[in-house]
Amino acid sequence: MKQLLFDLCRIGGVSGSEEPIAKFCAEKLSAFADTVIDKNGNVIATLGNTNADKTILLDAHLDRIGFIVTSINENGFVKVASCGGIDVRVLSDAVLVSCSDEPVKGVVCCMPPHLSDGGEDKAAPIDKVWIDFGLPYEKVVEKIKIGDVLTFYGEPKELMNNKITAPALDDRCGIAALIKCAELISKKELSYKVVILLSVQEETYGTGAKTGAYQIDANEAIAVDVSFASQPDVSGQYAGIELAKGSMICISPILSKAMSDKLISVAKEKNIPFQYEPISGTTGTNADHISVTKSGVASAVVSIPQRYMHTPIEVIDITDVENTAALIAEYIISGGAFND
């Protein structure tokens, strides 16, 4: 699992440019399911009883946050706009890498404190950010084009106590959980069709989940994503969410109560650790799109606890990924909420 997570987090796949990660995931899933990449770039893997009249959809998103090149000045400095929810506070010393066949690295320009009058002490908005590739204009334009995408550069690292840190764990850890889930359920005789949707553009417009769910037309759906774990100075309900204490099962007005209840009962019955995540409205995941597809899809959300979301040093516990895979597999094997 650790190696799978590391491999997933090393691949690009900024929103709208998911081809490399889609190809990698399709190859992984093809060992357990009939797998295709659709015209929008979604990976769709089908297993179980393909002739059944009931379908369970499992979703995790392929894309990661990043940047799109908007201009290059006469000195070779590159200006970018955000693709997804960039936290500008972490940009001042960031290393970025182009998502191209021959990746090149650049650094975010930062005013030295010796030359600052104090006005630069706050995080600069994204439209004030410049990238330095260390090259003159004529060399930069050979390697970087308007519309190219960049993302955070960072090697995944193992921390102590079964934890890892990497960029793009949102939502590559969700993908890892579904690949493992596919492996687990591929060995079972299932009563229902199961379709895994690894969807594009969640960090921007949710395009992949909207079109993919419409095409699949499932009866039930589970969106697998990340959510907030406790860290210093976090208060409220997320102060009580801990790494290595299991998946977060969401309870929300827009979600199916029957599905949330069934996930909870399965976790208890199979002694799989879990945590509650009550949300009063929309979930901020692809379930918000999937649940209103066509005439509606009964939906649930299972999240993996994560620290430092949307930064280059996101942190998770590997056991939470494994337990998420086990929980969803047992939910499917039990027949979902169809019979409840």
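1. A polar contact is a pair of N or O atoms within 3.5 Å; within protein, one must be able to donate a hydrogen and the other to accept it. In this predicted model, a polar atom of the Thr-324 side chain lies 2.7 Å from the backbone oxygen of Asp-320.

2. Thr-324 belongs to helix α8, which covers residues 318–333. Is Thr-324 buried or exposed? Thr-324 counts as buried because its relative accessibility is 0%, and the cut-off for buried is under 20%. Apart from neighbours within four places in sequence, Thr-324 contacts Ala-177, Val-224, Ser-247, Val-302 and Ile-304.

3. Lys-294 sits in the loop that runs between α7 (287–290) and β16 (298–306). With 44% relative accessibility, Lys-294 counts as partly exposed. Not counting residues up to four places away in sequence, Lys-294 touches Tyr-214 and Asp-217. A polar atom of the Lys-294 side chain is 3.4 Å from the backbone oxygen of Tyr-214. Gly-134 is 160 residues from Lys-294 in sequence, and their C-alpha atoms are 50 Å apart.

4. The largest nonpolar core has 61 residues. Which of them touch the most other members? These are Leu-5, Leu-58, Leu-62, Ile-196, Leu-198, Ile-222 and Ile-332. Helix α4 (residues 169–185) gives the most to this core, with 10 residues. In soluble globular proteins, nonpolar side chains tend to be buried together.

5. Leaving aside neighbours within four places in sequence, the contacts of Leu-5 include Ile-164, Leu-169, Arg-172, Cys-173 and Ala-176. Leu-5 is also in contact with Ile-316, Ile-318 and Val-321. A second, separate core has 19 residues, among them Val-78, Ile-86, Phe-133 and Ile-144.

Terms used: Residues are numbered from 1 along each chain as its sequence is written. This is a predicted model: local features need pLDDT of at least 70, side-chain atom pairs count only at pLDDT 80 or more; totals for chains, interfaces and linings use all residues. Side-chain values use heavy atoms; hydrogens and water are left out. Helices (H or I, at least four residues) and strands (E, at least two) are DSSP runs, numbered from the N terminus. Buried means under 20% relative accessible area, exposed over 50%, partly exposed in between (1.4 Å probe, protein chains only). Contact means heavy atoms within 4.5 Å. A nonpolar core is a set of buried Ala, Val, Leu, Ile, Met, Phe, Trp, Tyr and Cys residues joined through side-chain atoms within 4.5 Å.
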